[in-house]
Structure formats: C-alpha cells, structure tokens
Amino acid sequence: MEPRILLGGAELVPAVEHLWKALHAHHQKGLPDLAYHAPDVSWSVRSDEYREWLARPGSFVLVAYSGDVPVGYALVEVVDGPEDTWVTGDRIAHLQSLSIAPGWRGTGLGTALADRVDAELQARGVHDLMLDVVEGNTGAERFYERRGLRKVMTIYARFSG
C-alpha cells in the first residue's frame, strides 16, 4: 500500500514520537561513544522544539501514513533570511528532521517526502534549503547529495556528558 502524506502543523507532532525515537536510535549508531538522552527525554526536548519551529510562518510538517500508522515524516522550519554568509532569499527553509520507520527505509518513502518538501517550499516561494546530518550517517549524506545538496559546514562539539 502506498503511504498517504498529510500536510500540517503542531497538531501532527504527537503522531511522530515513535519515528523521532527511531531516528534518535539511528543517530547513536554513527557516534556510539557519546552519551545520549534516554528516548523519552530526547522526545520531550525535540517535541518542544518542533512546536516552537512550527509556530513560525511558513513552517510545516509532512507525515506519511500507512493505514493509520505514521511511517515517516519531514519537518521544515522556515526562517527569515538572508543567511549571514551565503547569498540566499528572504526566507530559508531548515529541514529539521526527516525520519523513516526502519521497516520503510529503502522503499522510496524518503524520496517521496523530500519531493513533497521541495514542492511545498516552491509553492511558498522558498528556494533555499539547509539541513544537518549527524556524523556517521553516510546514507543520509549520499541521499541529500543525490538531491543536489552539498556539504557547506562541519560542526564541532564538546559535550559534558
């Protein structure tokens, strides 16, 4: 069955909890030597961030459903531009999360969600897109590079945990 994709805002955030937790676990595979929040703590912080980001004009979430079960989502925050380093338009999209349920990875659902993100941004007149990829997630890097994005920054961190 082909998933249906719904467009919405903060009202859809509760539906993606299990998908965030799956992505949180996936991130840990790339950098296993770091200390991570427990899944429930991580979700509490992330869901608050989602609500904050979705309150910004132009921001949105797309949730893919198989039947009544969410199997993937993309959450996009739109911020005012221009960006301080690169030439951009007056609005910039940040793809804050793209998560696909483990059993749906490799089925084209990520591409379908990313295509829909691009279409939504085009319809909203937003032409610039930025996103972060956790170190070690080479599959995500290849996915975004195939879509015409390129690496422009590396983030270094020191964590107390």
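The questions below concern helices, strands and ring pairs in a predicted model.

Q: Why are tyrosine 50 and tryptophan 53 called an aromatic pair?
A: Their ring centres lie 6.0 Å apart, and rings pair if their centres lie within 6.5 Å, so the two rings count as a pair.

Q: Why is the pair of tyrosine 50 and tryptophan 53 called tilted?
A: The planes make an angle of 55 degrees. Stacked requires under 30 degrees and edge-to-face over 60, so this pair is tilted.

Q: What separates tyrosine 50 and tryptophan 53 along helix α2?
A: They are 3 residues apart in α2 (residues 39–54), which means about one helical turn. An α-helix has 3.6 residues a turn, so residues three or four places apart point the same way.

Q: What makes the pair of phenylalanine 143 and tyrosine 144 edge-to-face?
A: The angle between the planes is 75 degrees. Planes over 60 degrees apart count as edge-to-face, so the name applies.

Q: How do you know that the buried residues of α4 line one face of the helix?
A: In α4 (residues 138–146), Ala140, Phe143 and Tyr144 are buried. Seen down the helix axis, they fall within an arc of 90 degrees, so they line one face. They pack against β4 (91–100), α3 (109–123) and β5 (128–131).

Q: Why do β4 and β5 count as paired strands?
A: They are joined in the parallel sense over 4 bridges, and at least two are needed, so they pair. Methionine 130 in β5 is the bridge partner of histidine 94.

Notes: Residues are numbered from 1 along each chain as its sequence is written. This is a predicted model: local features need pLDDT of at least 70, side-chain atom pairs count only at pLDDT 80 or more; totals for chains, interfaces and linings use all residues. Side-chain values use heavy atoms; hydrogens and water are left out. Buried means under 20% relative accessible area, exposed over 50%, partly exposed in between (1.4 Å probe, protein chains only). Helices (H or I, at least four residues) and strands (E, at least two) are DSSP runs, numbered from the N terminus. The arc is that of the directions from the helix axis to the C-beta atoms. Contact means heavy atoms within 4.5 Å.
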